[in-house]
Amino acid sequence: MSIDKELSEYTAKTGRSRVLHEEALAVMPGGNSRTTTFFDPYPFAIQRGQGAHVWDADGIDRLDFNGNYSSLILGHAPPDVVKAVQQAAENGLSFPGPTEYEVRLAEALTRRVPSVQSIRFTNSGTEATMNAVRLARAFTGRAKIAKFEGAYHGTHDWVMVSVSGDPKGSGSRRRPKPVAWSSGVPPAVLKHVVVLPWNDADACAEILEEEASQLACLIVDPMMCNAGLLAPVDGFLARLREITERHGIVLIFDEVISFRTAWGGAQERFGIRPDLTTFGKIIGGGLPVGAFGGRRDIMDFYDPRQSGARISHGGTFNANPVTMAAGLATLNALTPEAYTRLDALGDRLRGGVTRLLAGTRRKGQVTGLGSLFWLHWTSEPLTDYRSAKAKEADAPMRVFLGLLNEGILTTQRGLGACSLPMTDEDVDRFVNALARVNARA
C-alpha cells in the first residue's frame with residue numbers, strides 16, 4: 001500500500017481528531033505545541049492511556065511503543081505513581097522552597113549513578129543540557145563546545161547545530177562542519193561549536209587535539225538515541241574519555257533517553273565515567289522534568305554559599321513536589337528484575353523484526369539496546385548519522401502510518417520503546433503488524 005492509501009485509511013478513522021486539529025489551528029501555530037508530534041495532515045488527539053495502551057478521540061485503541069517519546073517506562077498511569085502524585089498534590093502543587101521529595105529523588109539518582117556526586121533539577125532535558133554546557137564553560141573558562149553530527153541535545157541555541165539535514169552541505173564525513181538546525185540560531189553560535197563524526201575515533205582525536213585549548217566540553221549521547229540508536233564501536237567512548245580527561249575538557253553524557261537502558265544508565269552498560277550527566281524523561285514519572293549532575297567540584301559552581309564566580313539557577317517549578325514524587329515512585333519500581341524484563345522484551349522485539357526482514361524482500365534492519373529500538377529502511381552498515389539516513393525518504397512515515405492503521409503507535413522516525421506492562425504477546429503483535437505493513441508496500 002502506498003503512503004497515500006495509508007493516509008486515506010488513517011483519515012477515515014480519525015474524524016474527531018481532524019475536528020480538534022482544525023480548532024487548534026485557530027489558536028496555535030501548526031495546531032500544537034510540540035513539533036515532534038505533528039505530521040500531515042494532522043496528528044490524532046489522545047484521550048487517555050492505561051498500561052501499554054492509548055485511546056484517541058475517536059475511541060481507537062493503540063498499543064503504545066512510543067511511550068511519550070520513551071519517557072513512560074512503566075506505561076500509562078501506573079497505580080503506584082498515580083498514588084504518589086495524588087498524595088503529593090493533596091499537600092500542595094508547588095512551593096517557593098525545597099521539599100523532602102527533592103532530597104529523596106536526588107539521593108536515589110546519586111546512588112544509581114556513581115559519577116553523579118551532586119545534582120540539581122530542572123523542568124526539561126533541554127534545560128538540563130543548557131545548564132550543563134554553561135557549567136562546563138564556567139568551570140574551564142573556555143568558550144567552545146563539541147558535539148556529534150546527528151546528535152540531539154534539546155532546543156537551546158548551543159546544541160541546535162548539525163542535528164539533521166542534507167549531508168551535502170555539511171562538510172566531509174570525517175570533518176563535519178557546523179550547520180544551524182533552526183532559523184534564529186545566530187552565526188556566532190556556529191563559531192563556538194565543533195562537530196565530530198560518530199564512531200570515527202581517529203578523526204575525533206585529530207579534531208579534539210586541535211581544538212582542545214578552547215573546548216569547554218564534549219557532550220555525548222552514548223547511544224545516539226535520536227540519530228538511529230547507533231551503538232558506539234568497541235573502545236570509542238573510552239578513547240573520548242581519555243582525550244577529554246587529558247585536556248581538561250568536561251565530558252558530558254546526555255542520558256535523557258539512554259538512562260532507561262540500565263539501573264545506572266548507559267554509562268553503567270559501557271563502563272565510562274563522565275564528568276557530568278544530564279537526565280530527563282523517565283526520572284519524572286510522566287511529568288515535566290530534567291536534571292544535571294556530576295563531579296562535586298564542578299557542580300559547586302551552583303552552590304550559592306560559595307564565594308567567587310557562581311552560576312545562578314532558577315526555575316519556578318524546578319523540583320516541584322508532584323514531579324519529584326512521581327519520579328521517586330518510578331525509580332522505586334525499576335528494580336533489577338524490572339530491567340531484566342525490559343531487556344527481554346527489547347531482545348524479543350529486535351529478534352522478531354530481524355527474522356521478519358531476513359525473510360522478506362524489504363531492505364531494513366533494527367538497532368537498539370535494552371528496551372529501545374529503531375527501525376531502519378536500509379541494509380547498509382550503520383555507523384553514523386549519515387549512514388542511518390533513510391534511502392527511501394518516505395519509508396519511515398509510510399511504516400509509521402501503516403502501524404497506526406494496525407493499532408500500533410511508534411514515532412515517525414522509527415524510534416520505539418517497550419514498557420514494563422507489555423507482554424510477549426504485545427511484542428509479537430508488533431512484529432506481525434509490521435509484517436502486514438511491509439506486505440502492503
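**Stop 1: the core**

Select L109, F121, F259, F279, I283 and L334: within the largest nonpolar core, which has 30 residues, these have the most contacts. A nonpolar core is a set of buried Ala, Val, Leu, Ile, Met, Phe, Trp, Tyr and Cys residues joined through side-chain atoms within 4.5 Å. Buried means under 20% relative accessible area, exposed over 50%, and partly exposed in between (1.4 Å probe, protein chains only).

Now colour α4, α5, β4 (118-122), α12 and α13, the elements that give two or more residues to this core. The most come from α12, with seven residues. Helices (H or I, at least four residues) and strands (E, at least two) are DSSP runs, numbered from the N terminus.

This is a predicted model: local features need pLDDT of at least 70, side-chain atom pairs count only at pLDDT 80 or more, and totals for chains, interfaces and linings use all residues. Residues are numbered from 1 along each chain as its sequence is written, and side-chain values use heavy atoms, leaving out hydrogens and water.

Zoom in on F121. Leaving aside neighbours within four places in sequence, its contacts (heavy atoms within 4.5 Å) include L105, L109, H313 and M324. Then find A212, F236, F253 and L382, which are included in a second, separate core of 28 residues.

**Stop 2: helix α13**

Select residues 336-358, helix α13. The expected span is 1.5 Å times one less than the number of residues. For these 23 residues that gives 33 Å, and the end C-alpha atoms are 33 Å apart, so the two agree. Among the buried residues of α13 are Y339, L342, R350 and L356. Show α5 (100-112) and α16 (424-440), which are among the elements covering them.

**Stop 3: R260**

Go to the loop between β8 (250-254) and α10 (266-270), where R260 sits. The R260 side chain does reach the backbone oxygen of S70, at 2.6 Å.

**Stop 4**

Most residues other than glycine have a negative phi, and most peptide bonds are trans. S70, in helix α3 (residues 67-70), has a phi near 80 degrees. S70 counts as buried because its relative accessibility is 2%. Last, select D40 and P41, joined by a cis peptide bond with omega about 0 degrees.

Note on methods
A polar contact is a pair of N or O atoms within 3.5 Å; within protein, one must be able to donate a hydrogen and the other to accept it, and residues adjacent in sequence count only if both atoms are side-chain atoms.
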